[in-house]
Amino acid sequence: MAVTAALVKELREKTGAGMMDCKKALVETNGDLEKAIEYLREKGMASAAKKAGRVAAEGAVGSYIHAGGRIGVLVEVNCETDFVANTEEFQSLVKDVAMQVAAMNPKYVRREEVPAQEVEKERAILKEQALKEGKPEKVVEKIVEGRLNKYYEEVCLLEQVFIKNTSENKNRTIDQLVKEHIARIGENISIRRFVRYELGEGIEKRQDNFVEEVMAQVKK
């Protein structure tokens, strides 16, 4: 398939990558748009990995207040320079991360922060469940590790699926979202910490579907 200017433009609009990178991706994938998107994503992840060790001490503290003031979130996201910290793209990322925390209520930023005692407790529960299900003893450990990964996906922000994903990238995680921004911006970006307040937390009350409510706000 011929690589046309219109195809390059479409790929650039979908990925935010540079014009020459888009053209190269399309040439490498014989004009296949979906494969070109994947090519750029993989290239971006490799580029992001190289930048991960660089010091990120600038950034911003962003906030998100859910409609009616029922949930409030503060999140610190770091980058390398105050110039990047003040860009619209970086500020948009900070807001998206705060909204994710409001909707999905993670407990930690990354799995390394989960206390060992909590991990062992969860592992013991999962092992008992697997044995009660009649799973063969020799495969129980493998089953437990798989389910423990699911647990991390629930409690760790970076491993959660991004709530604003489109159908084209429905499985993208917050970690992948951050790496995509690193690749585009050219600086290391790190989510350092967050705090989430919920009105009446700890008081028995009706349960609401906050994901649906937050997404409703996004679509307005």
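Leu-33 touches Leu-7, Glu-10, Leu-11, Lys-14 and Leu-26, residues up to four places away in sequence not being counted; contact means heavy atoms within 4.5 Å. The residue lies in helix α3 (residues 33–51), where helices (H or I, at least four residues) and strands (E, at least two) are DSSP runs numbered from the N terminus. Leu-33 counts as buried because its relative accessibility is 15%, buried meaning under 20% relative accessible area, exposed over 50% and partly exposed in between (1.4 Å probe, protein chains only). Its C-alpha atom is separated by 9.0 Å from that of Val-8, 25 residues apart along the chain.

The model is predicted: local features need pLDDT of at least 70, side-chain atom pairs count only at pLDDT 80 or more, and totals for chains, interfaces and linings use all residues. Residues are numbered from 1 along each chain as its sequence is written, and side-chain values use heavy atoms, with hydrogens and water left out.

A nonpolar core is a set of buried Ala, Val, Leu, Ile, Met, Phe, Trp, Tyr and Cys residues joined through side-chain atoms within 4.5 Å. The largest such core has 30 residues, of which Val-75, Val-77, Phe-90, Leu-157, Ile-174, Ile-189 and Ile-191 touch the most other members. Among the elements that each supply at least two residues of this core are β1 (58–65), β2 (71–79) and α8 (174–185), while α5 gives the most, with 9 residues. Beyond its neighbours within four places in sequence, Ile-189 is in contact with residues including Val-77, Phe-90, Leu-93 and Val-178. A second, separate core of 12 residues includes Tyr-108, Leu-126, Val-140 and Val-155.
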